[in-house]
Amino acid sequence: MKKVLGISGSMRKNGNTAILVKEILGRCEESGVRTEFVSLAGRKISPCLGCEKCKEKKWCVIENDDWDEIIQKVMKCDVLVIGSPTYYYDVNGHLKNFIDRTYSLYHDRKLAGKKGVAVAVHANKGALRTIQTLEGFLSSHEFASLGCVKGMGYHAGDVLKDEKAMKRAQKIGDKIVRLLKPSHD
């Protein structure tokens, strides 16, 4: 059965980024598509060391953190919805650590062929570059892009007032459903 994995890179477990990612997943669930949500909040994700040992091992050599468990889920999903709050016009550092560690999978194109959606939330500007970073990550790993969602919000729940972002999230969710559950199912 096809699966959609949503990752919120925000350090706020139920913050605006999580809300937007979950909005996409919710549309999928309503149509019977299997989903899973992972928050990086409270998770330990060490930075890439640039040691290049992953070229030999074919996997990141850093142990004793949560990266391995989460990337296993990414490898098993069909569609990845990856979201970040905007920090200084880009993805936040915690999610960047997660992304940088995927270099270990790049050599053998272990993520190639999956579909991806980039999600970004900003207080008032900067989401475009956050989306560009996320799409760069997806493109580097040869994901096919299913689009992006940019939302506005600072305080908890603010993104719910961004009607354009919420509608866009629903449309992206519907697009995933059409892809994973063709009408002849």
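User: Where does the charged end of Lys-22 sit?

Analyst: The charged end of Lys-22 lies over the ring of Phe-37, 4.6 Å from the ring's centre; a charge counts as over a ring if NZ of Lys or CZ of Arg is within 6 Å of the ring centre and within 35 degrees of the ring normal. Please keep in mind that this is a predicted model, in which local features need pLDDT of at least 70 and side-chain atom pairs count only at pLDDT 80 or more, while totals for chains, interfaces and linings use all residues. Residues are numbered from 1 along each chain as its sequence is written, and side-chain values use heavy atoms, with hydrogens and water left out.

User: And what about Arg-109?

Analyst: Arg-109 lies over the face of Tyr-106, with 4.0 Å to the ring centre.

User: Switching topic, which residues of helix 6 are buried?

Analyst: Buried (under 20% relative accessible area, with a 1.4 Å probe and protein chains only) applies in helix 6 to Ala-127, Thr-130, Ile-131, Leu-134, Phe-137 and Leu-138. Seen down the axis of helix 6, these buried residues fall within an arc of 120 degrees (taken from the directions from the helix axis to the C-beta atoms), so they line one face of the helix.

User: How many aromatic pairs are there?

Analyst: A search of the whole structure finds 2 aromatic pairs, meaning rings of Phe, Tyr or Trp (its six-membered ring) with centres within 6.5 Å; planes under 30 degrees apart are stacked, over 60 edge-to-face and the rest tilted. Phe-137 and Phe-143 form a tilted pair, 6.1 Å centre to centre with 40 degrees between the planes, and both residues are buried.

Note on methods
Buried < 20%, exposed > 50% of the residue type's maximum accessible area, 1.4 Å probe, protein only. Helix = DSSP H or I, 4+ residues; strand = E, 2+ residues; numbered from the N terminus.
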